[in-house]
Amino acid sequence: MRLDYFHTGKADSEIFSRERVVLEPLPWPGNPQKLLDDSNLGPYFFEVRDLRSGKALYSRGYSSIFSEWQTTPEAKGEYRTFSESLRFPLPAASVKISVQKRDGANRFREIWSTIINPQDQSIERVTAPAPAPVIAIAPNGPPALQVDLLFLGEGYTAGELEKCGRDVRRAADALFQYAPFRERRKDFSLRAICAPSPESGVSHPSRGTYRRTLFDSTFDVFGTARYALSFNNRSIRETAAYAPYEFLAIVMNDNAYGNGGIFGQFATVSIDDPRSLPAFVHEFGHHFAGLADEYFLGSVAYAPTVPTVEPWEPNITALFDPKNLKWKELVSAGTPIPTPWPKKEYERRGERNRDRYLSSGPYAGKVGAFEGANYMEKGYYRSEQNCFMLTLSCGRFCAACRRAIDRTIDLYAPKPGQSH
Ligand SMILES: [Zn+2]
């Protein structure tokens, strides 16, 4: 079942309104042993509870384009609306959907709830045929026991669908070159849907280029040229509904450098830029495991914040309590916390080859707590000197990121013997 809603607000307020409820055409792809999400990731969290008994039936943490937009200057002045969806197993009886957001202390508080009766005749039953065949890239097992990753082609005309098939395979192959995806390749089922768009490529408003495409994808999101996202949530969901999926990768038929990744929504990649494949792996880290950016020099689309509470992201810490470091089990023996590194040299103005300092110093390659992450030079720490979430050229995830990715895989493809 899928609940589509409008998420409207500005910097300091938000409201939710129901758009429609849809019964999707395929059976629920998730693992019945992993209905409840205890990973505590994401700025938002939703719960589905049986209305009569109050029993929790399903829950997941997630993020949204809205929550990133909320931190932009535009959100101080005016309202905007974004379309979002929640998907959950078809309930047997009426349920209460509760959407929760983190408060100042990072605890979840309900900000919206709505009741759905599965017998309601207004629930749409999808009977239309699929817009394009589902391409099986590597279906390895039953959806309930696998991580189901679906690639969607975007900005391919009817004459470019073969290219779309090749491009999605390139993106898929890139992801599984890196640990821990590589080691857990068999836990994933990969599929793709290459449905045609009216025009080729995607929009670049800063160049005056506008393309009409299946998912309304555009560069220049929130004024940042390289930030590329898809805004037509309804079209994304209606297309994706024809394949089992838990995670979505939108492959854009474009040659500029640009990408994006939203936890629990989708990752995007502009596939014909030379850096597209490592960029996709980085963005998939955001989408899949809620990983934070570990870089902190240079500008980003949304405003950084000084830590007042421990961040929820699994790969950064404010280090308020160094003895209880978030990834303390992973720390290399004899490593001081916080961990010194050639930070001054790295941050030096005009430094042309600063990345070399990410692999030098006594603790390079060790796990500790290195200051500088989450767009901030001070106050946030990362687990290793370098990581895919810091530089694309690094080519590997740090220990904290690898563990977070493994945990997300376990939420969809539990190893034998694991239970909730
Ligand atoms: Zn990392």
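**From a loop to the core**

Modeller: Let's start with Ser53, which sits in the loop between strand S3 (44–50) and S4. Strands (E, at least two residues) and helices (H or I, at least four) are DSSP runs, numbered from the N terminus. Please keep in mind that this is a predicted model: local features need pLDDT of at least 70, side-chain atom pairs count only at pLDDT 80 or more, and totals for chains, interfaces and linings use all residues. Residues are numbered from 1 along each chain as its sequence is written.

Biologist: Why does Ser53 count as exposed?

Modeller: A residue is exposed if 12 or fewer other C-beta atoms, placed from the backbone, lie within 10 Å of its own, buried if 20 or more do, and partly exposed in between. Ser53 has 9 C-beta neighbours inside 10 Å, so it counts as exposed.

Biologist: Which residues of H3 are buried, and what makes them line one face?

Modeller: The buried ones are Cys164, Asp167, Val168, Ala171, Ala172 and Leu175. Seen down the axis of H3, they fall within an arc of 135°, so they line one face of the helix; the arc is that of the directions from the helix axis to the C-beta atoms. The face turned away from that buried side carries the exposed residues Glu162, Arg166 and Asp173.

Biologist: What covers the buried residues of H3?

Modeller: The cover includes strands S9 (134–138), S10 (147–154), S11 (188–193), S14 (247–252) and S16 (266–270), together with helix H5 (276–289).

Biologist: What makes a set of residues a nonpolar core?

Modeller: Its members are buried Ala, Val, Leu, Ile, Met, Phe, Trp, Tyr and Cys residues, joined through C-beta atoms within 7 Å. The largest such core here has 99 residues, and those with the most contacts inside it are Leu150, Ala171, Ala249, Val251 and Cys401. Helix H7 (residues 399–412) gives the most to this core, with eight residues.

Biologist: Which residues are in contact with Val251?

Modeller: Contact asks for C-beta atoms, placed from the backbone, within 7 Å. Leaving aside neighbours within four places in sequence, the partners of Val251 include Phe151, Leu152, Asp167, Val168, Ala171 and Val269.

Methods. Contact = placed C-beta atoms within 7 Å.
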